[in-house]
Amino acid sequence: HATKKTMADHLRRFENLFTLTPQRMRMIVEAFTETLEVGLNKPNQVVPMIPTFVFGWPTGSEKGDFLALDLGGTNLRVCLVTLQGEGKFEITQTKYRLTEEQKQDDGQKLFDFCAECLKTFVDTNSGDGPGQLKPGQILPLGFTFSYPCSQERIDHGELIRWTKGFGAPNTEGRDVAEMFKKSLAKFELPITLTALINDTTGTLVASHYVNPKTKIAVIFGTGCNAAYMEHVKDIGKIKSLGIDEDADMAINCEWGAFDSFEHEHLPRTKYDVVVDEASNKPGEQAFEKLISGRYLGEIFRVVVCELIDEGVLFLGQNTYKLEKPYIIDTAFLSLMESDPTDELLMIIGIFTHFFNIETTLAERQFFRALAKLIGRRAARMSACGIAAIVNKMGYIEEGCAVGADGSLYNKYPMFPERVHEGLVDIFGDKGRNIVTHHAEDGSGVGSAIIAAMTKIRK
Ligand code: ADP
């Protein structure tokens, strides 16, 4: 009879499946670059390349007091940002909790709540002292609203559809800036809504404000998306608007959708297919599903469940807890990879505490290696997206900086190093000209800078 396979034998199989070779990466970059071009020239593409109406870079000398409001997935954040010029700023902020009911309640009520929080914030931060709002002062506000919107100008945006668990009725298809202005008026706030902003665009502008070499911004959080500055003359689909051809405009790529539906370009394993098909939106966000924090833990879980079914792991133990979708958070993969002990005590802890399962050392070594394969593939995959923008804009010779944010980039061990290693695999030594760095706060500082730029432009 056949000799029993060891965990190391199994690992080799997954190494083959999850490894992205440099050659494969270059093929992805080529297709990705073409997709970016198509999205710029034709409306309603899978990767929509949304024009943001944010024109050009900040000069760094923008000054003044600005309010920023960020309607995120879990919190509402209000910031007072004082831009001091020379890339410097001060920030005061308060977070307000959103309830699940508020996310599903009428849209106008949701914006009324935002205005009410702004009122509380303005009232508590008014006075004569430094960093306080002066009575009678009218404040410009940048509103970070990171749900897909189609814009015709910076202070306008029709909500295409809610994402991230929101479902407030009477909002989709409507101009959310207009709705929000109504709420501001209701509470008689001395505030002008100046700009409606996506978080990637805010991150791009804020990162450039402090590091002018920044040309691209990428978010690696629950989702994955990027923004960069494009030449207006190369955005074919907005030619009819008659915008100055010499101007530049930030583009929100919504690149998580790359290779959706057709699945022609990205090498997906059968585990990725299982995760996709069981997701609430099968076929969509194909690129994001290989990269972002929402999915990496789930890919790991699906592999582990297959090995349990094959009788390879946890023989004789009750493993029902692992059958629950999304029960393994991507943060667990981070912890497994960074376990410093020979015995892999952290992994023992995770499996006994959360899943009531005993593990052998060989199993734990396998889990750590599997986490590494999944995390490394995500980083190298995202290097392909960055490389496509670099290609498109011709940045490789002079080099550029990439502002990156989100828990995956900030907390997953070696994530930035692996992105850099991927860029070198794609471009050779010249890949070192592209450097990622931790981004500045996009929805606070970035939003304030965009509000300032808009004010100057008007
Ligand atoms: P968001 O994208 O919602 O604004 P984050 O940038 O914090 O917020 O991303 C949240 C995602 O990051 C979640 O999917 C979570 O699983 C993942 N995550 C949280 N902590 C870590 C960690 N330490 N290592 C890797 N991923 C993490």
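Helices α9, α10 and α13 (407–411) each give at least two residues to the shell around the ligand. Helices here are DSSP runs (H or I, at least four residues), as are strands (E, at least two), all numbered from the N terminus. Of the 14 residues around the ligand, the ones that come nearest are Gly221, Gly293, Ser334, Ser407 and Lys411; a residue is near a molecule if its C-beta atom, placed from the backbone, lies within 6 Å of it. Sorted by class, that shell has three nonpolar, eight polar and three charged residues. Ala, Val, Leu, Ile, Met, Phe, Trp, Tyr, Cys and Pro count as nonpolar, Asp, Glu, Lys and Arg as charged, and the others, Gly among them, as polar.

A quick word on the model: it is predicted, so to speak of local features takes a pLDDT of at least 70, side-chain atom pairs count only at pLDDT 80 or more, and totals for chains, interfaces and linings use all residues. Residues are numbered from 1 along each chain as its sequence is written.

Now for how some helices pack. Axes are lines fitted to C-alpha atoms, for helices over the stretch in contact, and angles run from 0 to 180 degrees between N-to-C directions.

| Helix pair | Angle | Axes apart |
|---|---|---|
| α9 (residues 293–309) and α10 | about 65° | 7 Å |
| α10 (residues 330–337) and α11 (residues 345–355) | about 150° | 8 Å |
| α2 (residues 22–41) and α12 (residues 361–393) | about 50° | 8 Å |

Take α9 and α10: that angle makes them roughly perpendicular. Angles of 65 to 115 degrees get that label, under 35 is roughly parallel, over 145 roughly antiparallel, and the rest oblique. Gly293, Leu296, Gly297 and Phe300 of α9 touch Thr330, Phe332 and Leu333 of α10, where contact means C-beta atoms, placed from the backbone, within 7 Å. Those residues split into four nonpolar, three polar and no charged.

With its other partner, α11, helix α10 is roughly antiparallel, and the crossing is left-handed. That term applies if the near helix is turned anticlockwise from the far one by less than a right angle, and right-handed if clockwise. Phe332, Leu335 and Met336 of α10 meet Met346, Ile347 and Ile350 of α11, giving six nonpolar, no polar and no charged residues.

Helices α2 and α12 are oblique to each other, with a right-handed crossing. On the α2 side the contact includes Met25, Ile28 and Val29, and on the α12 side Arg380, Cys384 and Gly385 are among the residues.

Finally, an unreviewed UniProt entry annotates residues 215–453 as "domain: Hexokinase C-terminal". UniProt positions follow the numbering used here, feature names are shortened, and annotations may be inferred rather than shown by experiment. Over residues 215–453 the chain is 47% helix and 13% strand.

Technical notes:
Two residues are in contact if their C-beta atoms, placed from the backbone, lie within 7 Å.
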